[in-house]
Amino acid sequence: MDVDAYSFAQRRHWDRLDYLTARRRLTGAEVDEFVALYRRSSQQLARLQSHSPDPELINGLSAVLARARGRLLGARSDTWSQIGYFFTHRFPAAVYRAWLWWAGVAGAFLVVATSIGIWVSGSATARKTLGIPANAESLTAPGGRFESYYSEHPHDAFAAQVWTNNAWVSAIALFTGILILPAAYLLFMNALNVGVSAGLMADAGRLESFFGFLLPHGMLELTAVFVAGGAGLKLGWTLIDPGRAPRAEALARQGRATAAIALGLVGVLLVSGLIEGFITPSGWPAPVRIGIGLVAELGFLAYVFGPGRRAAQEQAAWRSAAAEGERIFG
């Protein structure tokens, strides 16, 4: 092998790898390029070590690969960078990777709540079975308990109260998911409560008011509960079926993702709590209040399926490259 010609032909690739290693942030395409260059350069180093008597060339390429390996295995960064990385990468990526689970939870929740609502509406048998008083006027009347619930406390105190309560419910759904049945029961009871309220309000001819008070905050709030429930159930299923990885390793990896989701949902539920505390009882026209809630919901979904999807793909590429680095360097 003509080592000089070989190194001359490949040096631009090694320089490119070194350049990408030094970059603070890489796009998805650059991550893919980095992984490909890293693998190729690692193979070339092994080849040169077998054929080249030039220690300077080997040491130079080894240094490039050592820097790249350090980037793959991660370097320490300041706290604010870590916080920024959490909200731009870790949290949305974890939610995106679990989206099939929480979308399934959302579908099941809506089917159960709708079915119960239809059953309760106009059915004395349903009310008797569920232990609902025959006269629910105190709940469904204009200004009744369903509506007054949102305005009987100061807005700031109410927002803090619902934020704390919803964060607690989501945390239970997340971390009891490993047992599956407790999380499923919690989600069912939430669907039951929504369905019963909807059925009673529909029976009173006040379904428009029901949606006008529930949807502004409820779209984002329920999505957070769905995400929590889906991630929790995914954690439980990992215990049953860890895939190709050892069970302990798979549980640890999914547990870290679940913890990231738990932390991130605190912020999501803060937004829904502010909407519930200040927008839902504001007295503004229902279309305006629902529109604000819809903007918040669409913003969250765009965040998950935009940056979250890209971050998940980037993390998968980094993991693949890190595994390759560990295989080569030991």
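## Exercises on aromatic pairs and surface

The structure holds 15 aromatic pairs. The model is predicted: local features need pLDDT of at least 70, side-chain atom pairs count only at pLDDT 80 or more, and totals for chains, interfaces and linings use all residues. Residues are numbered from 1 along each chain as its sequence is written, and side-chain values use heavy atoms, with hydrogens and water left out.

**Exercise 1.** Classify the ring pair of Tyr96 and Phe305.

*Solution.*
- Rings of Phe, Tyr and Trp (its six-membered ring) pair if their centres lie within 6.5 Å; planes under 30 degrees apart are stacked, over 60 edge-to-face, and the rest tilted.
- For Tyr96 and Phe305 the centres are 5.8 Å apart and the planes stand at 85°, so the pair is edge-to-face.
- Helices (H or I, at least four residues) are DSSP runs, numbered from the N terminus, as are strands (E, at least two).
- Tyr96 belongs to helix H4 (residues 79–97) and Phe305 to helix H13 (residues 286–329), so the pair ties together parts 209 residues apart in sequence.

**Exercise 2.** Assign Tyr96 and Phe305 to an accessibility class.

*Solution.*
- Buried means under 20% relative accessible area, exposed over 50%, and partly exposed in between (1.4 Å probe, protein chains only).
- Tyr96 has a relative accessible area of 19% and is buried.
- Phe305, with 35%, is partly exposed.

**Exercise 3.** Classify the pair of Phe210 and Phe211, then describe the aromatic cluster that includes both.

*Solution.*
- The ring centres of Phe210 and Phe211 are 5.2 Å apart and the planes are at 75°, so this pair is edge-to-face.
- Phe210 is buried at 3% relative accessibility, whereas Phe211 is partly exposed at 38%.
- One aromatic cluster is formed by Phe146, Tyr149, Tyr150, Phe210, Phe211 and Phe213.
- Arg289 lies over the face of Phe213, 5.2 Å from the ring centre; the criterion is NZ of Lys or CZ of Arg within 6 Å of the ring centre and within 35 degrees of the ring normal.

**Exercise 4.** Describe the setting of Ser170.

*Solution.*
- Ser170 is in helix H9 (residues 155–175).
- Its relative accessibility is 2%, which counts as buried.
- Leaving out residues up to four places away in sequence, Ser170 touches Ala224, Val225, Ala228 and Leu269, where contact means heavy atoms within 4.5 Å.

**Exercise 5.** Assign Trp237 to a helix and to an accessibility class.

*Solution.*
- Trp237 is found in helix H11.
- With a relative accessible area of 40%, Trp237 is partly exposed.
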